[in-house]
Protein chains: 2
Amino acid sequence: MTTDRTTHAAETAAPPPRGVSRRALLGLVGGAAAIGAGATVGFGTLRGSATRTSGASGATASAATTYAFTGEHQAGIVTPAQDRLYAAALDLTTTSRDQLVALLRTWTVMAARLTHGLPAGPTGTTSGPYDAPPDDTGEAADLPAAGLTLTFGFGRSLFVGTPAPDGTPGVDRFGLADRLPAALVELPHFPRDALDPARSDGDLIIQACADDPQVAVHAIRNLSRAAFGTATIRWTQLGYGRTSSTSTAQQTPRNLFGFKDGTANVTAEEPDALAEHVWVQPDDADDARTAWLTGGSYLVVRRIRMTVETWDRTSLREQETLVGRTKGTGAPLSGGTEHTEPNLAATGRDGAPLIAARSHVRLAHPSTNGGVRMLRRGYTFTDGNDALGRLDAGLFFMAYVRDPRTHYVPMQTTLARDDALMEYLQHTGSGLFAIPPGIPDGLLRPDGTPLDGARGTYVGASLLA
Amino acid sequence: MTTDRTTHAAETAAPPPRGVSRRALLGLVGGAAAIGAGATVGFGTLRGSATRTSGASGATASAATTYAFTGEHQAGIVTPAQDRLYAAALDLTTTSRDQLVALLRTWTVMAARLTHGLPAGPTGTTSGPYDAPPDDTGEAADLPAAGLTLTFGFGRSLFVGTPAPDGTPGVDRFGLADRLPAALVELPHFPRDALDPARSDGDLIIQACADDPQVAVHAIRNLSRAAFGTATIRWTQLGYGRTSSTSTAQQTPRNLFGFKDGTANVTAEEPDALAEHVWVQPDDADDARTAWLTGGSYLVVRRIRMTVETWDRTSLREQETLVGRTKGTGAPLSGGTEHTEPNLAATGRDGAPLIAARSHVRLAHPSTNGGVRMLRRGYTFTDGNDALGRLDAGLFFMAYVRDPRTHYVPMQTTLARDDALMEYLQHTGSGLFAIPPGIPDGLLRPDGTPLDGARGTYVGASLLA
């Protein structure tokens with residue numbers, strides 16, 4: 001069992017001293033291993049340490065960027081949005097709470113290692129026993145951390161199961177029903193929703209973001225490998241271009257409609273806005289049983305197909321009117337530059353509003369939505385084409401909010417009903433996940449093993465410990 | 001009609017002098033355009049000229065790399081393999097040879113522009129008429145060229161149509177049957193093939209490679225947009241990690257089995273090997289009617305799903321035995337380092353060959369295949385998962401060869417029958433395309449318009465002019 005093996009190895013092996021590479025350490029003990037002619041030992045060290053950037057796939061000057069896995073909040077939310085995404089939702093195949101906890105413990109150790117640029121397990125790709133599967137699948141062995149973050153969350157079904165189509169309630173498999181936050185709702189059916197159940201929901205979600213897609217896919221592959229026998233993948237999504245900035249230091253990217261997207265995003269540089277719109281606050285708990293989510297957030301995912309072929313045949317005037325911004329600089333049609341606040345009251349010489357009544361900017365603006373904002377972290381996807389030759393492409397919308405009942409459902413209800421852009425959009429997947437708080441700094445070693453006194457530490461411990 | 005519009009504009013507009021940016025030029029003439037409050041003019045210039053690398057999606061220190069579209073051979077073959085791939089096969093919906101030629105002319109102009117970092121058409125994203133669709137879809141407006149290459153090819157069906165399942169011959173729609181090179185065969189059914197017709201073949205292929213996937217997808221999207229009414233997309237494939245090097249200056253990447261791949265690839269630094277194994281030679285023409293392909297090549301594509309979940313449960317010993325190389329350094333199991341020539345005769349103390357009889361390295365080695373080599377240019381893909389939660393992931397194999405009858409079919413016949421790795425592989429898509437030679441240097445301006453005296457110039461002109 002991969003799970004048992006990895007957990008066991010990670011928890012019993014003495015971790016290397018901080019700053020000493022695994023390669024150096026293994027060099028001391030591995031030289032005599034008889035693993036076949038020509039085989040190497042001592043591999044499976046800090047990834048990319050020997051060959052950091054010289055032409056490896058996706059390796060760039062900034063490829064060595066490493067984000068800590070620990071912190072008050074999970075990484076991958078306010079972290080400057082990396083270029084690439086791989087996300088996976090999993091369903092548990094076990095009904096054992098102990099196995100669920102064991103999986104989260106394993107994932108915690110692996111995630112700390114992977115985000116640190118280490119292989120998934122301590123013996124890496126090639127320095128383990130020759131007659132056992134390697135700890136790490138190896139395809140990222142020469143690649144640096146590439147800014148990898150791994151963010152974990154829990155779907156509503158983890159707490160109360162999945163209702164049957166006839167309305168029969170789901171089963172609380174893990175004794176978690178009374179820990180369900182009221183805000184982890186079943187999202188309503190929005191107008192024009194065309195959701196594919198196979199692309200929606202899930203007990204667990206893992207968001208892997210990195211500047212190299214191979215690093216992100218490698219991480220999810222190794223985490224899901226550790227789930228063998230406990231959980232299976234329900235859906236995955238590759239996103240190749242970020243469509244939001246989460247830091248004022250980042251340039252606003254463009255979506256597949258060719259427009260700058262996410263200009264009004266909540267960013268890492270706005271602590272007050274993050275507290276108000278993104279992080280779950282102590283007062284938000286329904287009662288003590290749901291206080292486990294304090295310091296966490298909610299993640300809304302929506303797979304939004306964009307009918308780019310039709311869009312591409314509309315005039316620039318039509319496109320800008322629908323969006324409410326110019327296509328060039330992204331300035332609101334009421335004037336100014338990209339970051340000028342839209343003037344929703346401004347009218348032109350004919351008395352018509354410069355920002356149209358059904359434009360996306362107007363309908364999504366905080367002033368139209370009770371002042372709410374969100375931290376968007378979406379990615380552009382392209383998943384082949386349909387039988388008519390049209391691209392199955394669009395926006396994998398991801399947004400972190402403090403409460404989806406106030407910060408997502410009302411806005412999406414308005415947009416789905418009134419936004420003129422909806423003519424070019426189709427929501428084909430959906431999910432809502434509770435994102436637990438982070439593991440406090442100082443409780444994990446860089447190789448993921450808990451420090452003394454913190455053996456109970458793992459992602460989601462506030463819910464399950 | 002997008003096609004007509006783009007072609008017309010590109011062929012009649014006076015191109016800017018070399019080295020003068022489109023932004024500067026448009027600034028002189030566009031200032032008075034009345035295109036709505038807050039709208040910008042003068043946009044749609046050399047992409048990324050103002051905002052080259054500061055945090056844009058995928059923009060890197062090397063993002064400004066530009067490869068010429070013209071040359072003796074098409075770019076994108078010996079060009080150092082870029083990090084990302086987007087490929088599309090199209091079927092013609094017209095039966096007009098004139099429309100086919102018009103499409104190739106349009107594509108030529110657009111490809112020269114796009115690979116040069118220019119928008120798809122001369123008015124770019126926002127500086128065209130306000131009541132017309134923009135020339136360029138815009139999502140790459142802030143991105144540099146990112147090493148984009150565009151490589152075009154012709155499938156057998158372009159020449160002789162597609163045979164019906166009952167064996168009825170296809171239709172020669174364009175009067176090209178007698179120009180069909182004998183080597184552009186229908187690939188045989190190989191053992192264990194599980195080909196999906198919707199992922200196979202096609203009249204035309206476009207290979208877009210770049211270091212930023214958004215740049216590659218943008219290029220194909222704009223090229224296929226120009227084909228509206230003439231051709232539709234049959235299949236597309238996104239590849240996120242290169243699995244071959246085409247230059248000795250590149251580090252050998254790893255495939256999803258975690259092994260270094262393509263170590264023995266023909267590289268740009270081997271002109272003699274390129275002439276022998278990759279470029280179609282004058283003597284290869286069956287007769288004068290097929291001499292149009294001289295200086296070109298053949299592209300074999302195979303979508304190879306890798307059952308990584310099963311692979312990940314095999315031992316390191318089994319994996320290395322199947323491949324015939326070590327997983328760490330990629331050295332042959334007969335000893336040495338990555339680039340040491342495998343010693344297929346070497347045996348161990350027990351008399352067994354160090355490189356197993358059914359290992360991939362042995363069966364794919366030139367000495368096992370009459371000395372043939374190929375220029376591989378494959379990419380790793382991940383296209384979601386199946387209903388059992390297994391990743392639909394693998395290798396999108398692409399190889400350029402001088403003659404598929406000698407350089408691919410025999411080897412693949414051997415591999416499909418005998419390679420022990422086949423237990424973990426499934427070929428789900430397939431295609432073979434004739435890749436015409438390049439457009440000689442000096443016949444196109446940087447913006448894609450032909451120079452005086454070269455108005456007949458376009459990709460494929462040797463076949464169709």
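Author: Let us begin with A:Arg192, which lies in the loop between helix 4 (156–160) and strand 3 of chain A. The model is a predicted one, and phi of A:Arg192 is near 70°, a positive value in a residue other than glycine.

Reader: Why does A:Arg192 count as partly exposed?

Author: A residue is buried if 20 or more other C-beta atoms lie within 10 Å of its own, and exposed if 12 or fewer do. A:Arg192 has 14 C-beta neighbours inside 10 Å, and therefore counts as partly exposed.

Reader: What is the phi of B:Arg192, and where is the place of that residue?

Author: Phi of B:Arg192 is near 75°, again a positive value in a residue other than glycine. B:Arg192 is placed in the loop between helix 4 (156–160) and strand 3 (204–210) of chain B. B:Arg192 counts as partly exposed because it has 14 C-beta neighbours inside 10 Å.

Reader: What makes strand 1 of chain A a mostly covered strand?

Author: Strand 1 of chain A spans residues 84–92, and eight of its nine residues are buried. For chain A as a whole, buried residues make up 57% of the 465 residues.

Reader: How do you know that strand 1 of chain A pairs with strand 3 and with strand 4?

Author: Two strands pair if there are at least two bridges between them. Seven bridges join strand 1 to strand 3 (residues 204–210) of chain A, and eight join strand 1 to strand 4 (residues 231–239) of chain A. As for individual residues, A:Arg84 has A:Ala210 in strand 3 as its bridge partner, while A:Ala89 stands opposite A:Trp235 in strand 4. Chain A has twelve helices and ten strands.

Reader: What makes helix 3 of chain B largely enclosed, and how does its reach stand against the expected value?

Author: Of the 19 residues of helix 3 of chain B, 14 are buried, so the helix is largely enclosed by the rest of the structure. Helix 3 covers residues 97–115 and reaches 26 Å from its first C-alpha to its last, close to the 27 Å expected. Just after helix 3, B:Gly117 takes a positive phi of about 90°.

Reader: How do you know what relation superposes chain B on chain A?

Author: A rotation of 180° with 0.0 Å of shift along its axis superposes chain B on chain A, with an RMSD of 0.0 Å. That is the relation of a two-fold axis.

Reader: Why is it said that the copies meet through the same surface?

Author: The conclusion holds because 99% of the interface residues of chain B are also interface residues in chain A. In the interface, 77 residues of chain B are in contact with 76 residues of chain A. Strand 4 of chain B gives the largest share of the side that touches chain A, namely six residues. That side of chain B divides into 26 nonpolar, 36 polar and 15 charged residues.

Reader: What confidence does the predictor give to chain A and to the complex?

Author: Chain A has a mean pLDDT of 86, and 85% of its residues reach 70 or more. Over residues 1–46 of chain A, however, the pLDDT is below 50, and it stays under 50 over residues 48–61 as well. For the complex, the predictor gives an ipTM of 0.87 and a pTM of 0.88.

Key: Residues are numbered from 1 along each chain as its sequence is written. Chains are lettered from A and ligands numbered from 1 in the order in which they are written. This is a predicted model: local features need pLDDT of at least 70, side-chain atom pairs count only at pLDDT 80 or more; totals for chains, interfaces and linings use all residues. Helices (H or I, at least four residues) and strands (E, at least two) are DSSP runs, numbered from the N terminus. Copies are superposed by least squares on the C-alpha atoms of residues with pLDDT of at least 70 in both. Two residues are in contact if their C-beta atoms, placed from the backbone, lie within 7 Å. Ala, Val, Leu, Ile, Met, Phe, Trp, Tyr, Cys and Pro count as nonpolar, Asp, Glu, Lys and Arg as charged, and the others, Gly among them, as polar. The expected span of a helix is 1.5 Å times one less than its number of residues. pLDDT is the predictor's confidence in each residue, from 0 to 100.
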